[in-house]
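Q: I'd like to learn how to read a few features of a structure like this one. Can we go through them together?

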Amino acid sequence: MQGVWKRFRYYLIGFLIGTIFVSILFKDRGCSWTPTNRVKNAIQDKIIVFPEDQIPALNKLGLNKDNIYKFLVKGSVDFSNSLKDQNFYPKVYIIEENDSIDKRLQFSLYEDSYISVVHVLDQGEAPKRYEHLEGFGDMVRLPKDSSLVFVDKSNYTQCKARGLASIDPQDITNAMKATGKVNFTKSDLMLTKAVQYIHFTQNDTIDVEAKTIWFESRITFKDFFWDEKLPCETE
């Protein structure tokens, strides 16, 4: 029995030493269970959106749709100043660049929404919960998910979807990546089932406005809006 306990102690010591070395060498990169990576994964699993009134400030910091993911991955989470109370939304996490305290962003995560909204924070500025936003926001990064989009199968939604250039989910996803915007003014992010009104352009010719929700890990399209009624709407 003593021999078993002795071997177990050696195993435990080795395991702890190995864990320490992995943490030092890889920091958060190899440990999805760390608090930092849980926050970063929660942000990456959503569409990252820049409000249009924040784009000049973000560009001034050298941040754009091409490098926001790199900033997020390499940055540090300031947990002590983030707004992460369990029963309050949006939850707001501050991400800072490790080698520059001048680059501080807040990422707002709403209760049941598929977007994360970015705002610039000045040095020493406290984060803020934005329950209602105005204007539009640019979709700058979509999650890598082949099943991200779903068009509701109801007769009504399918009828309205016939006005699209293509109802193929990947075509819709590609259009959102290229031209997608969120209409904050019409959206309600504070609902338990948040409603996002979005805009995108298909085939460089068809401007689409759609009502969407987050359902079963997919962006579910519930309605489309056109200047004129489609033939199927009057049948």
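Q: Let's start with charges and rings: which residue lies over the face of Phe225?
A: Keep in mind that this is a predicted model. Here Lys160 is the one over the face of Phe225, 5.4 Å from the ring centre. There's another case at Tyr89, where the charged end of Lys91 sits over the ring at 4.8 Å from its centre.

Q: And how do I read two rings together?
A: You describe a pair of aromatic rings by how far apart the centres are and by the angle of the planes. In this model the count comes to five aromatic pairs. Take Phe221 and Phe224: their centres are 5.6 Å apart and the planes sit at 10 degrees, so this pair is stacked. Phe224 also pairs with Trp226, again stacked, with 6.4 Å centre to centre and 15 degrees between the planes. Ring pairs join Phe200, Phe221, Phe224 and Trp226 into a cluster.

Q: Why does Phe224 count as buried?
A: Buried means under 20% relative accessible area, and Phe224 counts as buried because its relative accessibility is 0%. Phe221 is buried too.

Q: What should I look for in a nonpolar core?
A: Nonpolar side chains tend to be buried together in soluble globular proteins. The largest core here has 28 residues, and those with the most contacts inside it are Ile47, Ile115, Met176, Ile198 and Phe221. Elements giving two or more residues to this core include β1 (47-51), β5 (115-121), α6 (169-179) and β11 (218-225). A second, separate core of 19 residues includes Phe50, Ile68, Leu109 and Val140.

Q: What does Ile198 contact, leaving aside neighbours within four places in sequence?
A: Its partners include Tyr114, Met139, Met176, Val208 and Phe221.

Q: Is Asp152 buried or exposed?
A: Asp152 is buried, because its relative accessible area is 14% and the cut-off is under 20%. You'll find Asp152 in the loop between β7 (149-151) and α5 (155-161). Its side chain reaches the backbone nitrogen of Ser154 at 2.8 Å. Not counting residues up to four places away in sequence, Asp152 touches Thr157, Gln158, Thr220, Phe221 and Lys222.

Conventions. Residues are numbered from 1 along each chain as its sequence is written. This is a predicted model: local features need pLDDT of at least 70, side-chain atom pairs count only at pLDDT 80 or more; totals for chains, interfaces and linings use all residues. Side-chain values use heavy atoms; hydrogens and water are left out. Helices (H or I, at least four residues) and strands (E, at least two) are DSSP runs, numbered from the N terminus. Buried means under 20% relative accessible area, exposed over 50%, partly exposed in between (1.4 Å probe, protein chains only). A polar contact is a pair of N or O atoms within 3.5 Å; within protein, one must be able to donate a hydrogen and the other to accept it, and residues adjacent in sequence count only if both atoms are side-chain atoms. Contact means heavy atoms within 4.5 Å. Rings of Phe, Tyr and Trp (its six-membered ring) pair if their centres lie within 6.5 Å; planes under 30 degrees apart count as stacked, over 60 as edge-to-face and the rest as tilted. A charge sits over a ring if NZ of Lys or CZ of Arg is within 6 Å of the ring centre and within 35 degrees of the ring normal. A nonpolar core is a set of buried Ala, Val, Leu, Ile, Met, Phe, Trp, Tyr and Cys residues joined through side-chain atoms within 4.5 Å.
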